[in-house]
Amino acid sequence: MSDAKLVVFDVDGTLCDSQHHIVAAMEHAFAAEGLSCPDRDAVLSIVGLSLPVAMARLVPGLPSSVQERLVASYKTGYAGERAARLAPLYGGIPELIGALSERSDVILGVATGKSRRGLDQLLHGHGLEGVFSTRQVADDHPSKPHPAMLLAAMAEAGVAPGRTVMIGDTTFDMLMGQAAGAATLAVTWGYHAEAALAAARPDGIIRSVDAVAAALDDLWERT
């Protein structure tokens, strides 16, 4: 195992603000079925889950055949939104990623409910293709909070759970990190409320991008 530290980021709601894309794509999907779309808070509450799992949680009373069509329509709508404009990174994220990537003792990764195609397009659009050494996506794993993504990231990076930190904006990220034996840091600028994140008992709660690097150093000093 490597002596390096592995920092794994969630993407939507943590690195980039994709809520416009997500809500618009969901409205497109429900309109295609002649159905009323759940409200914005409900839609954002399932961000981070793999799409079929997210849809089943969002509208559990609908037949599976309708849920499957909603998933397909969502993908079409999201691709159109993505082509129209790139989801922006949160302020300070480029600088944070740049600073962490320059550290010889840190390996960076992502674990996301996005497809590989969606992730690759996002990273390419923001000039981040070569930054993340391990990139785990929904195409290859069970949905969060199953630990498969994070376990695969640690195996690929050669870093033990005790030297791994999962950073995300949802309770799904926190539960995944804990199930994998990693430390967890919750960020409050994303899509789950701070109270819900606190209830998931992360190792730390971060309220601004500028505080991430110091929170990581503090966490590593304590472990």
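Guide: A cavity, on a 1 Å grid over the protein atoms alone, is a set of points where a 1.4 Å probe fits but cannot get out, and its lining residues are those with an atom within 4 Å of a point. By this rule there are 2 cavities of 30 Å³ or more, and the largest cavity has a volume of about 50 Å³, a volume being the space filled by probe spheres set on grid points that are joined across faces, edges and corners. Please keep in mind that this is a predicted model, in which local features need pLDDT of at least 70 and side-chain atom pairs count only at pLDDT 80 or more, while totals for chains, interfaces and linings use all residues. Residues are numbered from 1 along each chain as its sequence is written, and side-chain values use heavy atoms, with hydrogens and water left out.

The largest cavity is lined by His 21, Tyr 78, Arg 82, Arg 85, Leu 86, Ala 87, Lys 114, Gly 118 and Leu 122. At least two of the lining residues come from each of α4 and α6, where helices (H or I, at least four residues) are DSSP runs numbered from the N terminus.

Let us stay with Tyr 78, which sits in helix α4. Tyr 78 counts as buried because its relative accessible area is 9%, and buried means under 20%, exposed over 50%, and partly exposed in between, with a 1.4 Å probe and protein chains only. Leaving out residues up to four places away in sequence, Tyr 78 touches Asp 12, Ser 18, His 21, Ile 22, Ala 25 and Lys 114, contact meaning heavy atoms within 4.5 Å. Of these partners, His 21 and Lys 114 also line the largest cavity. By contrast, Asp 203, which is 125 residues from Tyr 78 along the chain, has its C-alpha atom 33 Å from that of Tyr 78.

After α1 comes Gly 34, which has a positive phi, near 70°.

Finally, consider the largest pocket, a pocket being an open set of grid points with protein on both sides within 12 Å along at least five of seven lines. The largest pocket holds about 570 Å³ of space, and among its 27 lining residues, those closest to its centre are Leu 51, Tyr 74, Gly 113, Lys 114 and Ser 115. Helix α4 supplies the largest share of this lining, 5 residues, while α1, α3, α4 and α6 (116-125) each supply at least two.
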